[in-house]
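Biologist: Please pick one part of this model and take me through it closely, with its surroundings and the cut-offs behind each term.

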Amino acid sequence: MEHVDPLLLGLLVAVILGGAMINGLIGMGFALVAVNVMAAALGTKEGVVVMSVLAPVTAAYQLWLNRAASVGWRRLRWVVVGALVGSVFGAELLVLLPAWAISLLLGGFTVQFVIDTARRERPKMTDRKSTRLNSSHRT
């Protein structure tokens with residue numbers, strides 16, 4: 001068995017925990033946060049493969065925990081079918097494309113997600129929160 005650098009292992013565990021925490025807070029973002037760091041630390045294709053295993057496990061766990069609150073199980077079936085078909089094509093692309101192309105696609109997807117998220121309308125801040133933030137910036 002090959003020796004794993006403890007610093008690298010610690011970084012990967014921290015990234016996975018951080019991504020899982022963000023996912024728990026806002027309901028998404030685990031793979032988006034973790035895949036880029038995994039790709040940089042392990043290699044592009046290896047990072048994508050690791051996240052392809054971890055992301056469905058965490059998503060299934062969230063679905064299981066929130067199964068009573070969900071009302072869209074019929075729609076979920078079609079999402080799962082689409083994900084399975086997309087996984088076949090994605091696996092083929094992972095094998096066929098060079099690592100630099102996959103890196104560009106990962107980076108492009110991340111930038112596109114950040115831009116789309118920044119352009120969305122955010123909920124209005126409460127007066128209490130606004131007052132607290134304003135008072136903390138006074139000198």
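Modeller: From the N terminus on, the elements of the chain run α-α-α-α-α-α. That is 6 helices and 0 strands, where helices (H or I, at least four residues) and strands (E, at least two) are DSSP runs numbered from the N terminus. The model is predicted, so local features need pLDDT of at least 70 and side-chain atom pairs count only at pLDDT 80 or more, while totals for chains, interfaces and linings use all residues. Residues are numbered from 1 along each chain as its sequence is written, and side-chain values use heavy atoms, with hydrogens and water left out.

Helix 3 covers residues 44-65. Against helix 5 (residues 99-119), its axis comes within 9 Å and crosses at roughly 55°; axes are lines fitted to C-alpha atoms, for helices over the stretch in contact, and angles run from 0 to 180 degrees between N-to-C directions. That makes helix 3 oblique to helix 5 (under 35 degrees is roughly parallel, over 145 roughly antiparallel, 65 to 115 roughly perpendicular, the rest oblique). Here Thr44, Lys45 and Val48 of helix 3 meet Ala99, Ile102, Ser103 and Leu106 of helix 5, contact being heavy atoms within 4.5 Å.

Against helix 4 (residues 73-96), the helix 3 axis comes within 12 Å, and the crossing is roughly 170°. Helix 3 is therefore roughly antiparallel to helix 4. On the helix 3 side, Lys45, Val48, Val49 and Leu63 take part, meeting Trp73, Leu76, Leu94 and Val95 in helix 4.

Proline 56 counts as partly exposed because its relative accessibility is 46%; buried means under 20% relative accessible area, exposed over 50%, and partly exposed in between (1.4 Å probe, protein chains only). The C-alpha atom of proline 56 is separated by 9.5 Å from that of alanine 31, and these two residues are 25 apart along the chain.

Residues 24 or more positions apart account for 55% of the contacts with a separation of 6 or more. The accessible surface of the chain comes to about 11100 Å², and 69% of that belongs to carbon and sulfur atoms; such areas come from the Shrake-Rupley method with a 1.4 Å probe, and for residues only the protein chains shown count as cover. Isoleucine 22, found in helix 1, is partly exposed too, with a relative accessible area of 31%.
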